[in-house]
Amino acid sequence: MRRLLLISAAIVLVVYAASGIYEVEPEESGVAYVLGRIVNPNVPSGIHWNLPAPFGREVTMPTRLTQVLQVGYGTATDSTTVISEPQDLWFTGGASIVEGRLDVQYRIDKLDRYLLAHDDPEAYMRLIAERAVTQFLAGLHVDDILTTKRQSLAIDVAQALQNGLDEYDMGIAVQDLSIVHLAPPLSGGVSDAFRKVQSARSEREREIENARSGASQIRFDAQAEAEAITSTAEADKFARVNQAQAAAERFIALAAEESTAPQITRTRLYRDIVPDALQRATLYVIPNDPSNGVTVEGR
Amino acid sequence: MNLNLAEKRILSGVVVALALLAANSSAFVVDESEYAVVLRFGRVVTEIDQPGLNFKWPAPIDQVRRFDKRYLYQQIPQTEYLSSDKKNVLVSSFLTWRIESPKKFLEAMGDRDSAESRLSTLVKSSLGSALGARPFTDYIPETPDENTAESSGSNLLRLESEVLGGIANVATDDYGIEVVSFGISRFSFPQQNLRAVFARMRAERERIASAYRSEGAAEARKILANAELERSKILARAESEAEVLRGTSEAEAAAIYSKAYATDPEFYEFLRKLETYEKIIDDKTTVIVPADSTLLDLLISEDR
């Protein structure tokens with residue numbers, strides 16, 4: 001009887017002690033408490049033992065897993081707020097508005113701090129991310145935001161977020177921040193108007209490009225025309241000089257002929273030309289002696 | 001007292017059970033993330049801010065209230081305010097606070113819900129007066145540039161610290177709460193003002209688009225005009241080059257002629273005369289010459 005009692009008591013004790021065995025999954029780490037006090041802030045993956053309840057307890061969470069926090073999606077997270085506006089609209093300088101959605105990739109870095117620092121780390125993260133976006137966009141022009149500042153928005157907000165988390169040592173490491181969507185608002189036809197600017201801009205480029213190719217055609221044609229002009233002049237010059245050369249040679253030949261037989265040559269030349277010429281004309285000859293009254297009429 | 005064995009056993013069992021019950025209701029564990037306050041007949045007797053095992057009198061006498069030791073966030077619902085330049089602005093904001101003195105907190109607030117509603121009221125009035133003191137353009141400039149990127153950020157920080165300053169002391173002194181930060185998470189406009197913003201943005205884009213279009217046409221005209229100018233320059237240069245060529249060819253020809261004719265000027269004169277006759281005399285010509293003209297000396301000598 002007594003023996004049986006002892007054995008059963010021992011079994012109960014062993015089973016109770018065994019209930020203190022717990023497992024930490026590969027992507028997790030754990031925090032072990034005994035009587036409310038943390039006895040191990042960083043329990044690695046594997047099988048572990050802690051004092052069983054009600055003396056001890058354990059919390060395990062994925063710390064090697066990258067988690068995603070979405071900022072600017074849908075409606076407000078806090079059920080106590082009554083917000084009818086879409087959550088992805090942000091004010092920019094010049095009282096304009098852009099649509100923006102961000103994804104924050106983060107990891108629980110120190111689980112004990114994650115559990116102890118803040119009552120709702122994710123909700124808080126979203127708020128400080130929103131604050132950083134608001135501060136970044138407030139003073140900038142919408143055109144800069146959509147073009148050149150896009151990259152620094154991601155960098156700045158990630159930095160502000162990490163600073164805000166570190167301020168309270170929240171045990172969260174921001175790994176990456178990506179801008180999922182950053183565009184002019186769809187409402188009120190604004191994004192259409194932005195697209196029209198795009199097409200107007202490309203139309204301007206096209207028009208200028210057309211003008212440029214037209215201009216180079218004009219220049220090319222002018223160059224060709226100029227070349228034609230100068231080469232014609234060149235040819236004319238060649239012809240003129242050659243002609244002069246030929247005439248000169250002819251003259252020299254004729255002169256040589258004339259010097260050997262002057263009268264014959266001259267007479268021949270005269271007969272070649274003058275009779276033909278005079279044949280066409282009306283010719284009056286006034287005699288040296290007017291009383292003579294002789295006229296010679298051609299033809 | 002004469003008790004048999006069975007009665008003794010039952011009695012001792014009851015004693016052990018009672019002792020366990022008493023132990024269970026008098027021992028309590030305070031967690032790392034919480035404060036505990038022990039109340040005796042409703043009055044605070046102990047504040048515990050260290051984790052571990054603690055003891056109190058059993059249930060009806062002592063009671064334990066637990067409070068969160070961690071930083072607590074609180075979202076302040078979007079509220080409409082009026083800035084000094086009469087703009088209706090919707091502001092969403094948030095607070096971070098923690099319970100500094102659980103005793104004071106318990107006495108002044110009772111629980112987190114009522115603390116949140118008190119803090120929310122404080123924030124709204126503080127934010128309302130801070131926003132009303134300055135124009136909205138301090139935060140959202142009308143014409144953004146390099147400077148406003150800096151200034152609106154620092155103006156926002158100043159606004160936040162003004163609001164924080166306005167509530168921190170009250171919260172600490174009266175509520176047992178330390179407010180550690182206040183942040184503005186988002187600005188917005190009421191729906192009808194939002195529509196005006198969209199309309200303005202659209203108009204602005206349309207202006208930019210038409211500017212691009214006219215800019216393109218003007219630029220194209222300029223490019224073509226430049227090309228035309230260049231064309232006339234190129235042609236003028238070619239013409240003058242051709243002129244020079246013509247001049248030199250004339251000169252060269254003249255030089256060749258005169259060199260040749262110099263060999264026999266008198267014969268040249270004779271040839272020229274013949275050429276002249278040929279050229280000038282046609283069917284409309286009437287030639288009147290004195291009989292002794294040199295023009296006809298050949299003719300006459302011929303006739304002779």
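In chain B of this predicted model, strands β6(B) and β7(B) (residues 88–99) run antiparallel and are joined by nine bridges. Helices (H or I, at least four residues) and strands (E, at least two) are DSSP runs, numbered from the N terminus. Two strands count as paired if DSSP finds at least two bridges between them. Leu72(B) has Trp97(B) of β7(B) as its bridge partner.

These strands belong to an open, antiparallel sheet of three, ordered β6-β7-β8 in chain B. Its edges are β6 (72–82) and β8 (177–188) of chain B, each of which pairs on one side only. From one strand to the next, the twist averages 25°. Axes are lines fitted to C-alpha atoms, for helices over the stretch in contact, and angles run from 0 to 180 degrees between N-to-C directions. Helix α3 of chain A (residues 121–138) packs on the sheet and touches β6, β7 and β8 of chain B. Its direction makes about 55° with that of β8(B). Helix α3 of chain B (residues 112–132) also packs on the sheet, touching β6, β7 and β8 of chain B. The direction of α3(B) makes about 40° with that of β6(B). Contact requires C-beta atoms, placed from the backbone, to lie within 7 Å.

The contact between the chains takes 95 residues from chain A and 99 residues from chain B. On the chain A side, α6(A) gives the most, with 38 residues. By class, this side has 52 nonpolar, 21 polar and 22 charged residues. Nonpolar covers Ala, Val, Leu, Ile, Met, Phe, Trp, Tyr, Cys and Pro; charged covers Asp, Glu, Lys and Arg; the others, Gly among them, are polar. β10(A) pairs in the parallel sense with β9(B) (residues 286–290) over five bridges. There, Tyr284(A) has Ile288(B) as its bridge partner.

The largest nonpolar core holds 92 residues. Such a core is a set of buried Ala, Val, Leu, Ile, Met, Phe, Trp, Tyr and Cys residues joined through C-beta atoms within 7 Å. Buried means that 20 or more other C-beta atoms lie within 10 Å of the residue's own. Val104(A), Ala129(A), Val157(A) and Leu161(A) touch the most other members. α3(A) gives the most to this core, with 10 residues. Leu161(A) touches residues including Met125(A), Ile128(A) and Val174(A). A second, separate core of eight residues includes Ala222(A), Ile234(B), Ala238(B) and Leu245(B).

Residues are numbered from 1 along each chain as its sequence is written, and chains are lettered from A and ligands numbered from 1 in the order in which they are written. Local features need pLDDT of at least 70, side-chain atom pairs count only at pLDDT 80 or more, and totals for chains, interfaces and linings use all residues.

Note on methods. Two residues are in contact if their C-beta atoms, placed from the backbone, lie within 7 Å. A residue is buried if 20 or more other C-beta atoms lie within 10 Å of its own, exposed if 12 or fewer, and partly exposed in between; C-beta atoms are placed from the backbone. Lists of a residue's contacts leave out its neighbours within four places in sequence.
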